[in-house]
Amino acid sequence: MESDHDIRRVCFIAALLPLLFGAFTLFEPFGRDQGIHATIAYALQEGLATYRDVYNIKPPMTTATHWLALELFGHSYHAIRILDLIFVSAGLASLSGSVLLLGGSRALALGASVGFASLFYVMGYWEHAQTDGWATIWLIFALNFTALGWNETPGHRRSLLFAFAGFAMGVAFCYKYTIGTVGLLVFAPLLVPGREVRFHWRDLFWLVIGGLACLVFVFGFLAATGVLDPFLEIQSYIRSYLSYSRTIPSIITHYAVLTWASSVGNAALIALGALAFLVTAIQRSTLLHVVTLVMIVTGMISAIAQGKGFPYHYLPVYTGAALLIGFGIEALTSALMRSRALARRRGLVWAVIILGIGLACGALYPNLKRVALVATGKISPRDIAMAYDNESDYSFADLLAFSEQFAEIRQPGETFFLWGYETGLYFLMEQPPLHRYPYSWPFVVRFHDGRYTPDLRARLEADPPDYIVIQNSDATPWVTANPDDSRAFLPKLPEINDFVTEGYALMLEAERFDLWKRKM
């Protein structure tokens with residue numbers, strides 16, 4: 001195993017990689033998901049309890065993360081991007097440390113983090129600062145605690161480390177339920193020929209204890225704050241969301257195509273890594289080989305279980321894929337270091353490898369270009385955010401433009417209700433959702449059974465907003481199984497539609513948004 005000094009040095013370099021590959025993400029705008037959860041967290045800051053007062057389909061850790069970002073970095077759509085960059089930095093340091101603890105070389109350890117950064121930062125703004133990504137980082141923390149435990153002899157210290165590993169897995173589970181199978185990692189020593197590390201049943205026991213401790217804490221907190229019942233009701237309601245899913249072969253094929261399409265360089269890195277992995281595994285299978293396979297398989301299980309094939313659903317696979325890339329980079333550096341001249345310039349060789357991978361895989365140049373443009377004042381972060389491509393169902397540029405137009409109309413103290421999917425409007429207007437339902441999603445999904453409609457009507461009647469914003473061009477049939485956008489669907493809910501048409505008058509038609517003002 002490497003010395004403590006070597007581990008600290010490699011981890012420090014790994015922690016800097018997100019700045020080199022992904023500092024531009026600090027300027028990325030909200031995607032729809034980031035807008036939704038920043039709004040829910042903002043409402044929590046304003047005293048509205050998540051689930052009970054503000055509808056939320058996600059497990060609690062997503063809201064907690066956005067809340068932490070707002071507390072630390074203020075009310076800005078950049079806040080979650082800053083925290084995400086910090087999370088990834090910590091995750092890559094932990095990943096490299098884990099590789100070294102598992103007996104991997106410094107080249108493999110740093111190569112794995114370079115691979116993760118390259119895979120992650122060629123993705124788009126929608127995929128960064130996502131629930132699946134944070135779950136993945138916590139799984140890396142769990143891997144680190146597990147590796148530390150395997151390096152200890154049986155005793156209290158080893159048991160405590162496995163309890164910490166279980167707790168970290170529990171946190172990841174409270175981001176994304178589908179990653180639960182990663183607990184199989186504890187059995188990895190059973191698959192290693194020669195048993196370089198022995199499996200102990202007490203490791204499993206303390207892993208489970210740690211996971212349960214996390215779940216007891218989280219669910220106990222929900223119960224103590226009076227939101228457990230609405231949380232469970234919502235989780236029960238959204239089970240039908242899985243009823244319209246891709247087939248398993250389609251999901252796996254989609255991942256392969258996505259990896260190739262996002263970056264030919266990354267696909268080549270994974271192919272090189274897979275070849276090096278197979279060659280070294282045939283020569284001598286180690287615990288690190290087994291861990292790599294476990295992380296790939298459990299990551300794919302998570303993606304398949306979600307059934308939609310969205311790019312960010314594959315983020316849990318990236319830990320295993322990054323380890324594969326690490327094997328490839330280790331083989332490459334080993335070949336290069338056979339030259340005495342290059343061996344004497346090891347630092348330069350690594351700098352060329354990192355920069356070469358960054359350029360070849362497509363993450364480095366856009367990052368440095370955007371950061372340089374902002375640093376020299378040639379472009380503002382807002383300009384970058386507004387320049388992102390408009391999707392057919394979402395446009396941050398249109399959302400921001402309407403919020404600014406609406407802000408000029410709206411008087412202090414006036415309230416509004418949004419019927420649509422761009423919950424980020426509440427955040428940009430600095431008004432929390434006051435009628436529980438921050439978006440139209442639970443009403444427009446195929447499995448809506450009418451349970452929420454009377455409640456929304458009652459809330460609107462009890463506290464009529466001064467304005468109602470009705471959104472169009474926000475249809476997402478891949479998550480609702482409904483081709484209608486929010487405006488087209490509204491007449492299908494007479495209770496809500498009548499409330500709008502009878503009590504409000506159309507005041508403004510903007511791109512993607514209609515503004516209705518209450519009749520006096």
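**View 1. Thr25, a buried residue in a predicted model.** Thr25 has a relative accessibility of 2%. That value is under the 20% cut-off, so Thr25 counts as buried. The coordinates come from a predicted model.

**View 2. Contacts of Thr25.** The Thr25 side chain comes to 2.7 Å from the backbone oxygen of Gly22. Leaving aside residues up to four places away in sequence, Thr25 touches Arg81, Leu85, Tyr121 and His128.

**View 3. The open four-stranded sheet.** Strand order is β1-β2-β4-β3, and the pairing is mixed. The edges are β1 (416-419) and β3 (504-510). Each edge strand has a single partner, so one side of each has no neighbour in the sheet. On average, neighbouring strands here are turned by 20 degrees against each other, with direction ignored.

**View 4. Helix α24 on the sheet.** Helix α24 covers residues 494-503 and packs on the sheet. Its contacts are with β2, β3 and β4. The directions of α24 and β3 make an angle of about 95 degrees.

**View 5. The β2 and β4 pair.** Strands of a sheet pair through backbone hydrogen bonds, in either a parallel or an antiparallel sense. Here β2 (residues 467-471) and β4 (residues 513-518) are antiparallel, with five bridges between them. Tyr467 has Lys517 of β4 as its bridge partner.

Definitions and conventions: Residues numbered from 1 in each chain as written. Predicted model: local features only at pLDDT ≥ 70, side-chain atom pairs only at ≥ 80, totals over all residues. Heavy atoms only, no water. Pairing = 2+ DSSP bridges. Helix = DSSP H or I, 4+ residues; strand = E, 2+ residues; numbered from the N terminus. Axes fitted to C-alpha atoms, helices over the stretch in contact; angles between N-to-C directions. Contact = heavy atoms within 4.5 Å. Buried < 20%, exposed > 50% of the residue type's maximum accessible area, 1.4 Å probe, protein only. Polar contact = N/O pair within 3.5 Å; in protein donor to acceptor, adjacent residues only side chain to side chain.
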